[in-house]
Amino acid sequence: ILFNHYQPPLLNLIVGLCMKLTNNYIFILQSLYLLIGYISFVLIFLILKKFKFSKKFSLTTTIILMIFPTTILYENHLYKEYLTFFFVILLFYCTVNKFGNYNNKDIIFISISLSLLCLTRETFHIFWGYFFIYFLKINLNFSKKIYLVLIFTVLVGPFYLKNLILFEKFA
């Protein structure tokens with residue numbers, strides 16, 4: 001039980017909510033994973049287009065990634081790697097989409113995707129979130145820096161505080 005409560009909470013939260021809300025939770029989770037897969041590949045296509053790759057190359061690369069056996073396996077295997085893949089792609093898309101010209105909506109999306117990534121995978125410790133923000137902040141004015149750090153801390157901090165109090169580990 002200690003391990004289940006010590007790991008990042010997002011996947012357990014999603015599964016628990018689905019199980020409590022409906023008896024068809026397997027169908028809902030499978031649909032959610034397929035939707036996440038579809039959105040991930042659309043984002044990959046858009047990222048490739050943003051880097052000025054041709055439409056044909058972008059589409060071919062995206063299709064190849066979609067039919068990889070590991071992608072198909074992770075789409076049908078309820079575990080955190082697929083969610084991690086999605087949140088990394090989402091974070092990359094949010095930061096690349098308007099690099100250097102962030103408005104408040106972009107800051108919110110970056111904060112939320114970084115927070116969800118930190119809450120999905122234990123290797124994305126809060127330290128790496130702040131490390132990412134440090135390098136991203138070069139292109140931000142002071143108020144947007146504070147906004148980004150504040151949203152990230154409010155979303156992720158309580159889970160780290162809970163683990164510090166209950167398990168005496170800041171993880």
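**Exercise 1. Which residues of H3 meet which residues of H4, and how do the two helices pack?**

Solution. Start with the contacts (heavy atoms within 4.5 Å): Phe41, Ile44, Phe45, Leu48 and Lys49 in H3 meet Lys55, Ser58, Leu59, Thr61, Thr62, Leu65 and Met66 in H4. By class, the contact of H3 with H4 has 7 nonpolar, 3 polar and 2 charged residues. Here Ala, Val, Leu, Ile, Met, Phe, Trp, Tyr, Cys and Pro count as nonpolar, Asp, Glu, Lys and Arg as charged, and the others, Gly among them, as polar.

A word on the source: this is a predicted model, in which local features need pLDDT of at least 70 and side-chain atom pairs count only at pLDDT 80 or more, while totals for chains, interfaces and linings use all residues. Residues are numbered from 1 along each chain as its sequence is written, and side-chain values use heavy atoms, with hydrogens and water left out.

Next, take the geometry. Helix H3 covers residues 25-50 and helix H4 residues 55-67; they pack at about 150 degrees, with axes 9 Å apart. That makes H3 roughly antiparallel to H4 (angles over 145 degrees count as roughly antiparallel). Finally, the crossing of H3 and H4 is right-handed, meaning that the near helix is turned clockwise from the far one by less than a right angle.

**Exercise 2. Where is Lys52, and is Lys52 buried or exposed?**

Solution. First, find the place: Lys52 is in the loop between H3 and H4. Second, look at the backbone: Lys52 has a positive phi of about 70 degrees although it is not a glycine. For background, most residues other than glycine have a negative phi. Third, check accessibility: Lys52 has a relative accessible area of 74%, so Lys52 is exposed. The cut-offs are under 20% relative accessible area for buried, over 50% for exposed and partly exposed in between (1.4 Å probe, protein chains only).

Now move on to H4, where Phe57 is found. Phe57 is partly exposed, at 40% relative accessible area. Its C-alpha atom is separated by 9.3 Å from that of Phe45, 12 residues apart along the chain.

**Exercise 3. What is the angle of H6 to H7, and which residues meet?**

Solution. Helix H6 (residues 80-97) and helix H7 (residues 104-120) cross at roughly 160 degrees, and their axes come within 9 Å. That makes H6 roughly antiparallel to H7. The crossing of H6 and H7 is left-handed, the near helix being turned anticlockwise from the far one by less than a right angle. Among the residues in contact are Phe87, Val88 and Leu91 in H6 and Phe109, Ile110 and Leu114 in H7. The contact of H6 with H7 divides into 11 nonpolar, 4 polar and 1 charged.

**Exercise 4. How many helices and strands does the protein have?**

Solution. The protein has 9 helices and 0 strands (DSSP runs: H or I of at least four residues for helices, E of at least two for strands). Buried residues make up 34% of the 171 residues.

Definitions and conventions
Axes are lines fitted to C-alpha atoms, for helices over the stretch in contact, and angles run from 0 to 180 degrees between N-to-C directions. Angles under 35 degrees count as roughly parallel, over 145 as roughly antiparallel, 65 to 115 as roughly perpendicular and the rest as oblique.
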